[in-house]
Amino acid sequence: SGGFAADLRLSGAIAFGTQQQSLLRTSELGGGVEGLPSFNSVFLGVTPTPPPDRCGGGGPAVASVGSAPLAAEKPFLFLQNQTLHLALPPIRRQAKGAAPRPHHFPAAPLASGDDDDDGRSVVFVATPSDSAAAINRQLARGRHVVLTPGLYALPVPLRVATRGQVLLGLGFATLTPMRGLPAVELLAAGVRMAGVLVQAGPLRSRALVVVGDGSPSSSGTADAPILLHDCFVRVYAERTAPQPAVATTMLWVRADHVVVDHAWLWRADHDSTAHFTDGENPVQHALEVDGRFVTVYGLFAEHTLGDLTRWRGEDGAVFLYQSELQYDAPPPVWPHLGYNVTARHHRALGVGVYCYFFDEVTVHEGIHAADASGIVHSFTHLLDGGGAIQSVINGRGGAVSATGQGSYVCSS
């Protein structure tokens, strides 16, 4: 359905293959672009010459923006003097092209075990055998935490609450809340979460990942935003599981000054056996935003039972949004939205809402915004199946009611 890439330096051309939508952020293209995504693409801070803007006229939409307002690559591990270190790439503002090489980033050596020998290491390496309480003790000491691959069953959330702290997952570390609470809470300026897969648990969580608690002390700042990199959240239970996976919302952003750099928020529509039906894997929303100055690069949201995204916080921005409505929506009318913005000041570029309904289901519009003037290159598309989306945004744009049909509103 969609793709995301960032921080590339390519000597040759790039081809997007069969992607429907794609975002390329802060990269350098030596050989240009050969073949665009079939529906929509956004180039953000790509040098030297991204494809020209276009929308309508029968071809895919293309939008190019000269720079990313604020970008930072995700933390990573590297080996130096036979010791692993955690690198913390710096924030770049109005970023263009790939990050400078060689890397000269702040870094910290890794420790393992509940307490390292000298007590001075600022990075703790956790394994699935470590309890949530043990990991939270390390976080409370102000340490960064690296989660090794495996399944972490969490009776309480992991609380990342020290300014500048990092929670980095490898491989993917999979976090499941077992008691109806969040899996992770990000609660201080400058904290970062990266490379973590969060899985819904057997008791309903209000949200699986929570950013901020609504208080100023839990928010980011203009100088130290909260950063989420490669944030993957899913609501899925195996058919043989004794209990369902259930949540209200996958990602809830309550803090100001937050940057989400690639998120895939998925209610499972199928497994290796068949599609799910009748509202299995229940979750109402992929994303809710209440904070101000929240920016998302590459937001992918799919199949929830209610509005996929609800954006209430002012002064937000999204660069590429891919969504697919609930396959098993009950007929005759699905009364929800792919993208619902009640904020008065909002910017979004490349906003796509798709459908593939099992039944004859009608949706009034894919997108609604209190003020749509900042939403550019929006579209709907009927992939297959029955039903229709009657308009694109705020009643504008033609209906899609036949397989393969798309409708664009290039500016609002």
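A pocket, in this briefing, is an open set of points on a 1 Å grid over the protein atoms alone, where a 1.4 Å probe fits and protein lies on both sides within 12 Å along at least five of seven lines. Lining residues have an atom within 4 Å of a point.

The model is predicted, so local features need pLDDT of at least 70 and side-chain atom pairs count only at pLDDT 80 or more, while totals for chains, interfaces and linings use all residues. Residues are numbered from 1 along each chain as its sequence is written, and side-chain values use heavy atoms, with hydrogens and water left out.

- The largest pocket is lined by 19 residues, and the closest to its centre are Thr176, Gln199, Ala200, Tyr236 and Ala237.
- Strand E14 (150-154) and strand E16 each supply at least two residues of this lining; strands (E, at least two residues) are DSSP runs, numbered from the N terminus.
- E14 gives the most to the lining of the largest pocket, with 3 residues.
- By class, the lining of the largest pocket has 12 nonpolar, 5 polar and 2 charged residues, where Ala, Val, Leu, Ile, Met, Phe, Trp, Tyr, Cys and Pro count as nonpolar, Asp, Glu, Lys and Arg as charged, and the others, Gly among them, as polar.
- Around the second largest pocket you will find Pro69, Leu70, Arg93, Thr221, Ala222, Pro225, His257, Val258, Val259, Phe293, Thr295 and Asp315.
- Strand E7 (68-71) and strand E22 (258-267) are the elements that give two or more residues to the lining of the second largest pocket.
- The lining of the second largest pocket divides into 7 nonpolar, 3 polar and 2 charged residues.

**Strand E18 and its partners**

- Strand E18 (residues 192-199) is mostly covered, with 8 of its 8 residues buried; buried means under 20% relative accessible area, exposed over 50%, and partly exposed in between (1.4 Å probe, protein chains only).
- Strand E16 (residues 166-177) runs parallel to E18 and is joined to E18 by 6 bridges; two strands pair if DSSP finds at least two bridges between them.
- To place that pairing in the model, look for Leu168, whose bridge partner in E18 is Ala194.
- E18 also pairs in the parallel sense with strand E20 (residues 226-235), over 7 bridges.
- Here Met193 has Leu228 as its bridge partner in E20.
- In a regular strand the side chains alternate between the two faces of the sheet.

- Ser391 is found in the loop between strand E32 (388-389) and strand E33 (406-411), and Ser391 is buried, with a relative accessible area of 4%.
- A polar atom of the Ser391 side chain lies 2.9 Å from the backbone oxygen of His364. This is a polar contact (a pair of N or O atoms within 3.5 Å; within protein, one must be able to donate a hydrogen and the other to accept it, and residues adjacent in sequence count only if both atoms are side-chain atoms).
- Not counting residues up to four places away in sequence, Ser391 touches His364, Glu365, Gly366, Thr380, Arg396, Gly397 and Gly398; contact means heavy atoms within 4.5 Å.
- Asn394 lies in the loop between E32 and E33 and is partly exposed, at 30% relative accessible area.
- Although Asn394 is not a glycine, its phi is positive, at about 50°.
- Gly406 is found in strand E33 and is partly exposed, with a relative accessible area of 36%.
- Leaving out residues up to four places away in sequence, Gly406 touches Thr380, His381 and Val400.
- Gly406 and Ala343 are 63 residues apart along the chain, and their C-alpha atoms are separated by 27 Å.

**Other backbone details**

- The peptide bond from Gly171 to Phe172 is cis, with omega near -5°, and Phe172 lies in strand E16.
- Pro331 and Pro332 are joined by a cis peptide bond with omega about 5°; Pro332 lies in the loop between strand E26 (316-324) and strand E27 (339-341).
- Thr26, in the loop between strand E3 (21-25) and strand E4 (28-29), has a positive phi near 35° in a residue other than glycine.
- Thr26 is buried, with a relative accessible area of 0%.

Note on methods. Helices (H or I, at least four residues) and strands (E, at least two) are DSSP runs, numbered from the N terminus.
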